[in-house]
Amino acid sequence: MRSARFARVMCAPVLVGVLALMGCQKSPGASGNLNDTSASKSPSGYGLVFLGVDECASRGKGFTEVLCSSEKAQARVIARYDGRQSEGPACPVSTDFVLHISESRPAYDEDGDGAVPKGYACMRNLESPHPGDPGGGGGPSTVVGDCVYTAGKGEVRETACDGSGKNAPEFRVDSAVRSRAKCPASTELYVQLGGAKPVGCAEPV
């Protein structure tokens, strides 16, 4: 996808910041389809926190908390943070998509103050596909093993390496380094990753 601050759902492509495409270019990122989706349903009582870690959600018109043993359960929370995603910790790299939870004031809440605070839940599908895995075509972070295609001047988007996405892969991120100078000589695309090794060295697929 992108740098760690971006999010997406299922296999939809997400914008990746490009440090250089045969040169030095940068571009802003974009969010996926459900980056602004509200999960502000009233808590179900399955946990002390609405969509807390290791709790599960079903997907319909929105997302609701359900027992993980339920046949309706589709994804599990692998990390949960209060506040805005852009200001908080990054989701784990195995995250398939991010749910943004809007503030609500239900009859029941985790601490009795009548509010469920804004936050975000990092979700992992209970079953395949897992777009957050390397080469899967999605997730909130671009990692080594992911593939991208050119989407405009200075911009690339992530897509599935196996060609199952809407757009065919053009480059694969083969390694992550601290600076462009440390990429192999065969590198043709430098992708902004973030983290301790923020430069992705990509070569044609």
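Predicted model: local features only at pLDDT ≥ 70, side-chain atom pairs only at ≥ 80, totals over all residues.
Let me start with strand E2, residues 56-59, which pairs with strand E3 in the antiparallel sense over four bridges; strands here are DSSP runs of E with at least two residues, numbered from the N terminus, and two of them count as paired if DSSP finds at least two bridges between them. Within this pairing, serine 58 has threonine 64 of E3 as its bridge partner.

Residues are numbered from 1 along each chain as its sequence is written, and side-chain values use heavy atoms, with hydrogens and water left out.

The pair I began with belongs to an open sheet of five strands, with antiparallel pairing and the order E3-E2-E4-E6-E5. Strand E3, residues 63-66, and strand E5, residues 97-101, stand at the edges with a single partner strand each, so one side of each has no neighbour in the sheet. On average, neighbouring strands of this sheet are turned by 40° against each other, direction ignored, where the axes are lines fitted to C-alpha atoms and angles run from 0 to 180 degrees between N-to-C directions.

Looking at the whole chain, we find eleven strands and zero helices, a helix being a DSSP run of H or I with at least four residues. Of the 205 residues, 46% count as buried, meaning under 20% relative accessible area with a 1.4 Å probe, protein chains only.

Which residues make up the largest nonpolar core? There are eleven of them: Phe50, Leu51, Ala57, Phe63, Ala75, Val77, Phe97, Leu99, Ile101, Ala121 and Met123. A core of this kind is a set of buried Ala, Val, Leu, Ile, Met, Phe, Trp, Tyr and Cys residues joined through side-chain atoms within 4.5 Å. Strand E4 (75-82), E5 and E6 each supply at least two residues of this core, and the largest share, three residues, comes from E5. A second, separate core has eight residues, among them Phe171, Val191, Leu193 and Ala202.

Finally, consider histidine 130, which is found in the loop between strand E6 (119-125) and strand E7 (147-152). Histidine 130 counts as buried because its relative accessibility is 18%. Leaving aside residues up to four places away in sequence, histidine 130 touches Asp96, Arg124, Asn125 and Gly136, a contact being heavy atoms within 4.5 Å.

Notes
Buried < 20%, exposed > 50% of the residue type's maximum accessible area, 1.4 Å probe, protein only.
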